[in-house]
Number of protein chains: 2
Amino acid sequence: MSEINCPARAVRVACCQVRPIMGDANRSCDLLRAAVREAVAAGARLIVLPELCNTGYAFESRREARAAAQLAHGGVLDDWAEEAGTHAVVVGGFAEQGDDGTVYNSAAIVDGTGVLAVYRKAHLWNREALIFDRGDAPAPVLDTSIGRIGLMICYDLFVPEFTRGVALAGADIIVVPTNSPNTDAARSHDNIGVSIARATAHVNRVFVAVCDRWGTERGIQWVGRSVIADPDGDLLAGPAGDRPMCLMADCDLCRARDKRWSGTENDVFADLRPELYAQRGPTQGDRRP
Amino acid sequence: MSEINCPARAVRVACCQVRPIMGDANRSCDLLRAAVREAVAAGARLIVLPELCNTGYAFESRREARAAAQLAHGGVLDDWAEEAGTHAVVVGGFAEQGDDGTVYNSAAIVDGTGVLAVYRKAHLWNREALIFDRGDAPAPVLDTSIGRIGLMICYDLFVPEFTRGVALAGADIIVVPTNSPNTDAARSHDNIGVSIARATAHVNRVFVAVCDRWGTERGIQWVGRSVIADPDGDLLAGPAGDRPMCLMADCDLCRARDKRWSGTENDVFADLRPELYAQRGPTQGDRRP
């Protein structure tokens, strides 16, 4: 049974919170390459980059996004494969040119052999729906040399059904290329994204690595709140600060294969009672005398 | 359409974090009565009490729990109804004697007219499975004079499918009588319960009121981390401290009827894509060239 096989015990995970330069793909790609190289040199075996990290985020139109987008191979993905070498896996977000004029907010899992999987963001946030097409496939859960990687993008993490699906499919770590804008709402949320990352890790007993971006772009300021959480929901690293940085933590991915809560009789999957979760309207409850 | 009706605009919610006295039901009931009376006098219209608040938690056996339990009417529930008067609703946990020797970790919603709903904990935590029978009904979502109350108990809140069900059924506020033990795990979680309460509130745009207990009991120390979160996931009150106290916050329950994220195009329910959440095994993802 594959569940008892243990992935790598001490995987150094890096979230490289970079600052993409909108409109300057070359400089952005150089930044990303340097960040991945630095992380690999520091022993990282899983390097996570932000959402739309080679283009920037704040496209003004679908046309602008499409023009900046690339196919799901080559381009910046080749850079990452090259830097990954023989030991590392790189995950990052990019604008993807699809067929028939479509354009997606996508992310790829890449190793030294090339692109292993591509995911197109399924839950679009705010004005993204005006810019991007929506992905129609579940998030991938991919067996790699370092363990099973579940991949989603930013707002996807705010959908507990989606994260649960990835955990039930066997992910050891959910990696989340992210761009968290520092809107009034984000400020008032007191980094609710950090709470959601921790809660997701805890209730599914998986690792969660959120790689946020940094800097300002067309009037948007980004909060830069990358985090790496363990299956208890504890933060192994982060929240990152207001600067470009590679957040790193050593993750014993084997811990994510044991769904029991330490010190209890509980198992977060065995405890589930799907028969009680059917959708329903308002009820009057169970009235008693 | 009932969704556009607004419940009460400013409902003062109180989480009365008391210290039950194990083995002394009379003193516990007096404490609870005094707490509810004080909260009502302070203008609270929804008073939440902890899990198993009239008996204490740390039963050594099923037999001891059954002996301390009461039926789903009368007893301490009458006390709460009396103190609720004509304006308030009281929610609290109690040990319930069921038929055929069963005993449940239950909670009731009570107003001045008596018991409105009883819920039996469906997700038992740790050794509770040795002490209590497991409830087999979904959590109630009850229309009351102050708004729609969803009711669950402690560990139930850690099951996102369960909380989502209550939110989709129309709850304005999820109330959660709780006992959070300060185990090694709880300490290492850095109050993960607070993150989970905030995340639950945010992703469902509902209020969440967790009423924890305080004190030590048979060697268990309780963390006393009552919180009241709003639909942004912000804490309106708490986390409470290490003492008995009534945490209070004024909640504009109308906010929970609007599932849009403020300042965005998003609606947390309309954004859901159930077709992508079907359960599945590990996948190789969407391989690209």
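This is a predicted model: local features need pLDDT of at least 70, side-chain atom pairs count only at pLDDT 80 or more; totals for chains, interfaces and linings use all residues.
Let me begin with B:Val208, which, if we set aside its neighbours within four places in sequence, is in contact with B:Leu157, B:Ile173, B:Ile174, B:Val176, B:Ala197, B:Thr200, B:Ala201, B:Val227, B:Ile228 and B:Ala229. B:Val208 lies in strand S9 of chain B, which covers residues 207-211, and because its relative accessible area is 0%, B:Val208 counts as buried. For a sense of distance, the C-alpha atom of B:Val208 is 18 Å from that of B:Pro138, a residue 70 places away along the chain.

Turning to the nonpolar core, the largest one has 154 residues, and of these A:Leu46 and B:Leu46 touch the most other members. In chain A, again leaving aside neighbours within four places in sequence, the contacts of A:Leu46 include A:Val11, A:Val13, A:Val89, A:Ile146 and A:Val175, and A:Arg12 is also among them.

Finally, let us look at where the two chains meet through helix H7. Helix H7 of chain A and helix H7 of chain B, each spanning residues 192-204, pack with their axes 8 Å apart and at an angle of about 110°, and since 65 to 115 degrees counts as roughly perpendicular, that is therefore how H7(A) and H7(B) are described. Their crossing is left-handed. Among the residues that meet are A:Ile192, A:Ser195, A:Arg198 and A:His202 in H7(A), with B:Ile192, B:Ser195, B:Arg198 and B:His202 in H7(B). By class, this contact between H7(A) and H7(B) has 8 nonpolar, 4 polar and 2 charged residues.

Conventions
Residues are numbered from 1 along each chain as its sequence is written. Chains are lettered from A and ligands numbered from 1 in the order in which they are written. Side-chain values use heavy atoms; hydrogens and water are left out. Axes are lines fitted to C-alpha atoms, for helices over the stretch in contact, and angles run from 0 to 180 degrees between N-to-C directions. Helices (H or I, at least four residues) and strands (E, at least two) are DSSP runs, numbered from the N terminus. Angles under 35 degrees count as roughly parallel, over 145 as roughly antiparallel, 65 to 115 as roughly perpendicular and the rest as oblique. A crossing is left-handed if the near helix is turned anticlockwise from the far one by less than a right angle, and right-handed if clockwise. Contact means heavy atoms within 4.5 Å. Ala, Val, Leu, Ile, Met, Phe, Trp, Tyr, Cys and Pro count as nonpolar, Asp, Glu, Lys and Arg as charged, and the others, Gly among them, as polar. A nonpolar core is a set of buried Ala, Val, Leu, Ile, Met, Phe, Trp, Tyr and Cys residues joined through side-chain atoms within 4.5 Å. Buried means under 20% relative accessible area, exposed over 50%, partly exposed in between (1.4 Å probe, protein chains only).
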